Amino acid sequence: METILIAIFVIGYLAITLEHNLKIDKLIPALAMMAVLWAMMAFGIDGFTTWFDSGKHALMEGFSALGHEDKMHVLEETLLHHLGKTSEILVFLLGAMTIVEIIDYFDGFATIKSFVKTRSKRKILWIFAFLAFILSAIIDNLTATIVLISILQKIVKVRNDRLWYAGLIIVAANAGGAWSPIGDVTTTMLWIGNKVTTGKLIGYLLLPSLVCMLVPTFIASFLPAFKGNIDVEEAEPAKSKFGATMLYLGLGAIVFVPIFKTITHLPPYVGMMLSLAVVATFAEIYSNSKISISSVDPESDAESHHSPVHSALTKIELPSILFFLGILMAVAALESLGLLFNFAEGLKQGIGLLGTELPGTEISDLVVIILGIGSAVIDNVPLVAASLGMFSEPTDNPLWHFIAYSAGTGGSMLIIGSAAGVVAMGMEKIDFFWYLKKIAWLAFLGFISGAICFVAMRYFF
């Protein structure tokens with residue numbers, strides 16, 4: 001039965017990886033895989049001799065001696081446990097996405113466009129690289145990429161120039177998302193899973209992530225594509241006088257979430273709901289002032305009284321939420337049978353000779369780097385989800401921080417290797433092979449440079 005379950009997971013995983021070739025949204029195989037795996041486990045529950053207790057992170061003693069009803073009860077309790085942990089991540093993401101859409105409702109991101117006043121291609125590159133690095137740490141790398149490419153399309157009119165900028169934005173956004181607990185889905189998973197803390201995460205990864213962004217940006221600034229000047233259009237005035245206010249309020253509310261968790265020790269989604277409530281309150285107050293804003297047609301009375309919160313909720317990426325639900329619960333199924341635990345034990349015994357060991361663990365630096373390179377081909381969400389079930393190292397062990405860095409930045413090496421890359425690919429119709437030829441080597445140099453920086457910091461500081 002275990003072999004059949006692994007085969008189902010592999011087939012579903014391939015369908016997710018090949019979504020562009022199959023023309024099927026990845027949420028479909030993810031949800032189907034989740035449902036089929038848990039259904040097969042329910043049908044074959046009497047044939048399983050081992051069960052993994054996620055709460056204690058150890059194999060459950062005496063499982064094989066339980067009767068059918070008791071085993072079904074354990075399965076239901078395990079399913080509920082994983083659904084609860086997964087829901088914490090999904091509710092957190094829903095809150096963050098809604099706040100971002102409320103900011104956009106008031107045309108708040110137009111404020112960022114006003115920062116670009118130079119005509120130098122090289123200076124514009126550095127401006128967007130730092131904006132991507134900073135914004136992705138606050139509003140996540142996917143949203144930061146969407147915002148900055150949308151602004152880029154209004155500033156840089158030559159498409160070939162925009163492709164180069166978009167490629168470096170992907171690299172910078174993924175680097176910025178790696179060092180923040182709210183900057184990337186995988187980092188958020190590690191944070192909510194109590195594998196990393198905010199202070200240690202920033203302390204370990206801020207400098208390596210910065211190096212990961214600076215190295216490719218510095219090299220690219222000397223390439224012919226970034227020489228000379230471009231014609232920059234004058235920034236259009238914001239369509240709402242509250243745009244800048246909502247931008248700073250929204251970003252501040254998201255940044256407040258880790259502070260709230262530190263003070264109250266409550267799960268992050270609780271703080272995100274509080275932040276959403278505050279932002280939504282001001283949004284409703286400002287929308288009632290009858291000021292024309294970007295999402296409102298001033299000629300329509302029905303539209304002019306539309307709730308900004310309701311409008312934001314209709315625009316959030318629900319397909320992404322459902323994909324995360326499917327893939328995380330599918331990985332949880334394999335974890336519950338002890339398959340990931342057994343794989344981790346074999347990995348720890350057989351892989352130690354491949355590289356220098358991390359302090360306190362037998363997993364080598366080389367293995368974690370390979371994990372990062374693999375995230376360029378395989379979606380990093382299930383990779384990190386699997387690592388949560390495979391390893392039992394304590395909170396803030398260097399292993400978790402190195403995984404956060406590698407999984408977060410490694411995807412930049414292929415345009416399909418990260419959510420930021422995929423959305424940029426769609427917005428600018430970037431060719432896979434163009435990115436592979438022009439940007440991949442820059443992303444690889446940045447990734448390796450940051451990894452070397454991480455290892456050096458750990459051993460010498």
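The model is a predicted one.

Isoleucine 139 belongs to the largest nonpolar core, a set of 144 residues. Ile102 and Ile139 touch the most other members of that core. Helix 4, residues 68-105, gives the most to this core, with 14 residues.

## The chain as a whole

The protein chain has 22 helices and 2 strands. Of its 461 residues, 55% are buried. Its accessible surface comes to about 19600 Å². Carbon and sulfur atoms hold 66% of that surface.

How far apart in sequence are the contacting residues? Take the contacts between residues at least 6 apart in sequence. Among these, 78% join residues at least 24 apart.

Here is one pair of residues brought together by the fold. Phenylalanine 218 and leucine 442 are 224 residues apart along the chain, yet their C-alpha atoms are separated by 9.8 Å. Phenylalanine 218 sits in helix 10, residues 198-220. Its relative accessibility is 47%, so phenylalanine 218 counts as partly exposed.

## Two salt bridges

The structure holds 2 salt bridges. Side chains of opposite charge can pair when their charged atoms come close.

Aspartate 161 is in helix 8, residues 159-178, and lysine 121 is in helix 6, residues 121-139. The two residues are 40 residues apart, and the pair links distant parts of the chain.

Glutamate 428 forms a salt bridge with arginine 162, and here the closest N and O atoms are 2.8 Å apart. Glutamate 428 lies in helix 20, residues 419-428, and arginine 162 lies in helix 8, so this pair ties together parts that are 266 residues apart in sequence. Both glutamate 428 and arginine 162 are buried.

Ile6, Val10, Leu14, Leu18, Leu22, Ile24 and Ile28 make a nonpolar surface patch of about 580 Å². Helix 1, residues 2-17, gives the most to the patch, with 3 residues.

Leucine 22 is one of the patch residues. Leucine 22 lies in helix 2, residues 19-22. Its relative accessible area is 44%, so leucine 22 is partly exposed.

## Cysteines

How many disulfides does a search of the whole structure find? The search finds 0. A disulfide is a covalent bond between the sulfur atoms of two cysteines. Cysteine 212 is buried, with a relative accessible area of 2%. Cysteine 453 is also buried, at 14%.

## Positive phi in two loops

Aspartate 107 is not a glycine, but has a positive phi of about 60°. Aspartate 107 is in the loop between helix 4 and helix 5, the latter spanning 110-113. With a relative accessible area of 15%, aspartate 107 is buried.

Histidine 265 is another residue other than glycine with a positive phi, near 65°. Its place is the loop between helix 11 (243-264) and helix 12 (268-287). Histidine 265 has a relative accessible area of 68%, so this residue is exposed.

Technical notes: Residues are numbered from 1 along each chain as its sequence is written. This is a predicted model: local features need pLDDT of at least 70, side-chain atom pairs count only at pLDDT 80 or more; totals for chains, interfaces and linings use all residues. Side-chain values use heavy atoms; hydrogens and water are left out. Patches are made of residues with over 30% relative accessible area and no salt bridge: like charges are joined within 9 Å, nonpolar side chains (Val, Leu, Ile, Met, Phe, Trp, Tyr) within 5 Å. Accessible areas come from the Shrake-Rupley method with a 1.4 Å probe; for residues, only the protein chains shown count as cover. A salt bridge is a side-chain nitrogen of Lys or Arg within 4 Å of a carboxyl oxygen of Asp or Glu. Helices (H or I, at least four residues) and strands (E, at least two) are DSSP runs, numbered from the N terminus. Buried means under 20% relative accessible area, exposed over 50%, partly exposed in between (1.4 Å probe, protein chains only). A nonpolar core is a set of buried Ala, Val, Leu, Ile, Met, Phe, Trp, Tyr and Cys residues joined through side-chain atoms within 4.5 Å. A disulfide is a pair of cysteine sulfur atoms within 2.5 Å. Contact means heavy atoms within 4.5 Å.
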